[in-house]
Amino acid sequence: MTATLSPPVTTPPEPPTASRIRSLTTTIGVPLLAVAVGLAAGGILIVLAGGNPGQAYATMLDAALGGDTQLGRLLTGMTPLVLMGLGYAIAYRTGFITIGAQGHYDVGAITATAVVLSMPLGTSWIAIPIVAVTAAAAGACIGGISGVLKARLGVNEIISSLMLNYLVFYTLAWAVRKPLANPNGFTPESERIPDWAALATIPGTRIHIGVFVAIAAVPLVWWLMRSTRFGFASQIVGESPSVAEANGISVARTVVTSALISGALGGIAGAIMLLGSEFRLSLAISSGIGFTAIVVALLGRRNPFGIVLAAALVSGLTLGSQAVQRTQEIPASIGTVVQAVMILTVLLANRIVERAR
Amino acid sequence: MVTATSTASITTAAGVAESVPAEGVVMRGIHRSFGENTVLRDVSLHVRPGEVYALLGENGAGKSTLMRILTGLLPPDSGSIAVEGKSLADGGRERIAMVHQHFMLVPSMTVAENFLLGRSRGVIGRKRLRRTEAEIAALAEDTGLACDPTARVENLSVGEQQRVEILRALHLGAGYLLLDEPTANLAPAEVHSLLAQVRRLAAERAVGIVLITHHLEEVLEVADRVGVLRGGRLVAERPIRGDGAESVTTAELARDMVGREVGLGIRRAATEPAGNRMLELVGVSVPGQLHDVTLRVASGQLVAVAGVEGNGQSALEDVLSGLSPDSTGAVVVAEREIDASSPRAMREAGVGIVPADRYTRGLIKSLGIDTNLAIDSYTDPPLARRWGRLSRAAVRERAERIIAALSVKAQSPRTLAGTLSGGHAQRVVLGRVLDGEPDVLVVAQPTRGLDIGATEFVWDTLVDHRSRGAAILLISSDLDEICSLADRIVVLYRGRIVAEFDEGPFDRESLGSAMGGFQEAAA
């Protein structure tokens, strides 16, 4: 009936630099590990599909970075992922786990189409700001609904944002058949947007000004998180709503604000895709890119600069796997599998790192 | 008789292996410590079948640790436990059941379904359910614990759920019940019927019952014997009923419970008379928790709210934190009634709060000290800058200043708050609140869980601020703390102020009685 416990182990406090280095290793090490494991898993699948992994990955690399055209594709593909990934990161910091990026994106695309097709603005210098504001507002509206539902009624934001995704998607399906339908088309899609409404590009490339919007958003969001009162409050609310409330930080207001920001970023992403790459509204625009953005945010550990790297990786994988499918008859879905394996690795590695502490 | 399991390592008080009676629960020489903190020292007690044994003690006296050891949730460092001559591992554990303060029932299930939880694999058959319902009905009839086995738990009152818990324990074959503060959540009428049922269980079914409580009158009403834990030792054991019964008074029990020795010396204010009334509560009530509380604190005065926890302390703290939207009555600071509807309003009125719950209201373990220190002040300059910006330099400067002022042991301002010891974590909370030199300071359970050195630091800090003219309201369940610091004491019992003590030295016996609900004993 006796139990002896070993004396409590007191670890000597380590110098701050050591812990800093360790956290840095985690920040960089975990994503790198995830990439390695993901590519290895992809390699096995490529072998099983009868291909040569070395050759396939070389093709992928070439498809992503092999020239100006490829680079343009990569950058324009990254743009919505970066914007929505940033939106996810801001909301997550406040403890608001929205998966509504797809809905924000769709509603942004619908709004952009409606604005440029219905208003004879005639020039992009007037059209672009109007589209940017309305698309951001539309995205913020959808994001804000989840935010208000959570803040006021405690409705789980994962559920509400998922449901809103459906709501927006079916609105899109209706819009391309009725109010925005192309009278001369056979498939459900809108008319092509007028030429003046298309985003300006760097001459000779596909790189449009939307790319620069995303590039500007990265340091802006980083600054927002680090150096503003909103960023401070969102961290407190995210880590402990009870401490925030007891110290006079309004949890409701902070949650709603971050929901609005993340919605607005999604709306802008949708508008950029429509005016910069798609040029007409169709059902295909709602292709799950909002969920890919969540993958990007997780891989980038919700750090604005990490999100850029993750977006490049994911976007490159998508382009690369399409190229591999064209040239080597290996299914492009291998790219999706690689992404999934990377996410699982990140989640697992994070848990293991937490336990080890 | 005694089982031979590892007898060699058993150390009893006398160091002699005595024979253990085969009946009842026998605990011998129980020691338990957590790190350097010894929670139980050489506790031996014997609970006989058919006996109600009341276990008294202040918060932190070791009651819950002892119960966790007795139910096998925690191994003792040394000492032995035998139940009817068997060790816990050897079938003794099944004979003991604990009824917790917070019930372990699934609300959406019926009583009978709850009984069967975890006792059968797979689907519970209709037949089995009917049989269990019949068994429960019979047991309820037998024991006088009225209960409808087909009722859903969510539709039952607190008292009824408690009866379900007791019945479930008996149904499982428990011969010994540990009741943890069973009357804490009950209405007064339910308290008496529960106590009557407890006596009946002991008398008619020979169940041995350990009743953990703070309420002295309950002890006298129901117990055969009472044991008092103080500072991890069983300091007194008195028979109340039966052979050799002593005529025990609540005053004696109160004295046993709180002890006479003054812990760290009295630190009452200098002889100067107290200044202006800084904080006044007038008729403050919170439905169901606080009733018509009126009190005053002058500047340079420390008024303590004494009482056993759960008697309205947290409601009082909520009101003063601006976190109690349902409260009525007036909060007056510096002779101006203030709007106590938000934490921000309280802070702007000059009221600083040190919350009782350090980690759900005070600190975030996963963030740095610098961030934690900015939580209450980041909207004010110099931390706040124009255009919604936050000055990280000002955040760091403030953190460095407070860390230096309160000698917080931290490698850098960015050290995570979760790595600090309890005492240093409390310094961070204190430092944050005191940095603004608030005119009114509300301090709730400021030394709970702290060691002597840290306690001394907190006390000295409070005394310093009283000397500078702050009006301090100390909400505490630690009588040593209250007697050492207070200029005036009010006692909170079941949400009301039942006694006031105006001048020291304070009489611990009357304080203890008032805390236990005996108003007539109050001076």
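Me: What ipTM and pTM does the predictor give the complex?
Reply: The ipTM is 0.83 and the pTM is 0.74.

Me: And chain B, what is its mean pLDDT?
Reply: The mean is 83. In chain B, 89% of the residues reach 70 or more.

Me: Where does pLDDT stay under 50 in chain B?
Reply: Over residues 1-18. The model still has 33 contacts beyond four places in sequence for that stretch. Where pLDDT is low, the predicted coordinates should not be read in detail.

Me: How many helices and strands in chain B?
Reply: 17 helices and 19 strands. Chain B has 523 residues, and 47% of them count as buried.

Me: What about contacts in chain B between residues at least 6 apart in sequence?
Reply: Of those, 68% join residues at least 24 apart.

Me: OK, sheets. What is the strand order in the open sheet of six strands?
Reply: S15-S16-S17-S12-S18-S19, in chain B. The pairing is mixed.

Me: Which strands are at the edges there?
Reply: S15 (351-354) and S19 (496-501) of chain B. Each pairs on one side only. Neighbouring strands in this sheet are turned by 20° against each other on average, ignoring direction.

Me: How many bridges join S18(B) to S19(B)?
Reply: Five. S18(B) covers residues 488-493, and the two strands run antiparallel.

Me: Which helix lies across S12, S18 and S19 of chain B?
Reply: Helix H17(B), residues 508-515. H17(B) runs at about 30° to S18(B). S12(B) spans 302-306.

Me: Next sheet. What is the order in the open sheet of four strands?
Reply: S11-S10-S13-S14 in chain B, with antiparallel pairing. S11(B) and S14(B) (336-338) stand at the edges. Each has a single partner strand, so one side of each is left without a neighbour in the sheet. The twist averages 20° from one strand to the next.

Me: What joins S10(B) to S13(B)?
Reply: Five bridges, with the strands antiparallel. S10(B) is residues 277-286 and S13(B) is 328-333. B:Glu280 stands opposite B:Val332 in S13(B).

Me: And how many bridges join S13(B) to S14(B)?
Reply: Three, again in an antiparallel pair. B:Val331 has B:Ile338 of S14(B) as its bridge partner. S13(B) and S14(B) form a hairpin with two residues between them.

Me: What is the phi of B:Ala334 in that turn?
Reply: Positive, about 50°. Most residues other than glycine have a negative phi.

Me: Which phi does B:Glu181 have?
Reply: About 45°, so positive again, and B:Glu181 is not a glycine. B:Glu181 is in the loop between strand S6(B) (176-180) and helix H6(B) (188-205).

Me: Is B:Glu181 buried or exposed?
Reply: Buried. B:Glu181 has 20 other C-beta atoms within 10 Å, and the cut-off for buried is 20 or more.

Me: Where is B:Asp292?
Reply: In strand S11(B), residues 290-298. B:Asp292 has a positive phi of about 50°, though not a glycine. B:Asp292 counts as partly exposed, with 14 C-beta neighbours inside 10 Å.

Me: Which residues does the cis peptide bond join?
Reply: B:Pro381 and B:Pro382, with omega about 5°. B:Pro382 is in the loop between helix H12(B) (369-374) and helix H13(B) (392-405). Most peptide bonds are trans.

Me: Switching to chain A. At what angle do H4(A) and H11(A) pack?
Reply: About 130°, with their axes 7 Å apart. That makes H4(A) oblique to H11(A). H4(A) is residues 101-118 and H11(A) is 289-299.

Me: Is the crossing of H4(A) and H11(A) left-handed or right-handed?
Reply: Right-handed.

Me: Which residues make that contact?
Reply: From H4(A), A:Ala101, A:Gln102 and A:Tyr105. From H11(A), A:Ile289, A:Gly290, A:Phe291, A:Ala293 and A:Ile294.

Definitions and conventions. Residues are numbered from 1 along each chain as its sequence is written. Chains are lettered from A and ligands numbered from 1 in the order in which they are written. This is a predicted model: local features need pLDDT of at least 70, side-chain atom pairs count only at pLDDT 80 or more; totals for chains, interfaces and linings use all residues. Two strands pair if DSSP finds at least two bridges between them. Axes are lines fitted to C-alpha atoms, for helices over the stretch in contact, and angles run from 0 to 180 degrees between N-to-C directions. Two residues are in contact if their C-beta atoms, placed from the backbone, lie within 7 Å. A residue is buried if 20 or more other C-beta atoms lie within 10 Å of its own, exposed if 12 or fewer, and partly exposed in between; C-beta atoms are placed from the backbone. pLDDT is the predictor's confidence in each residue, from 0 to 100. Angles under 35 degrees count as roughly parallel, over 145 as roughly antiparallel, 65 to 115 as roughly perpendicular and the rest as oblique. A crossing is left-handed if the near helix is turned anticlockwise from the far one by less than a right angle, and right-handed if clockwise.
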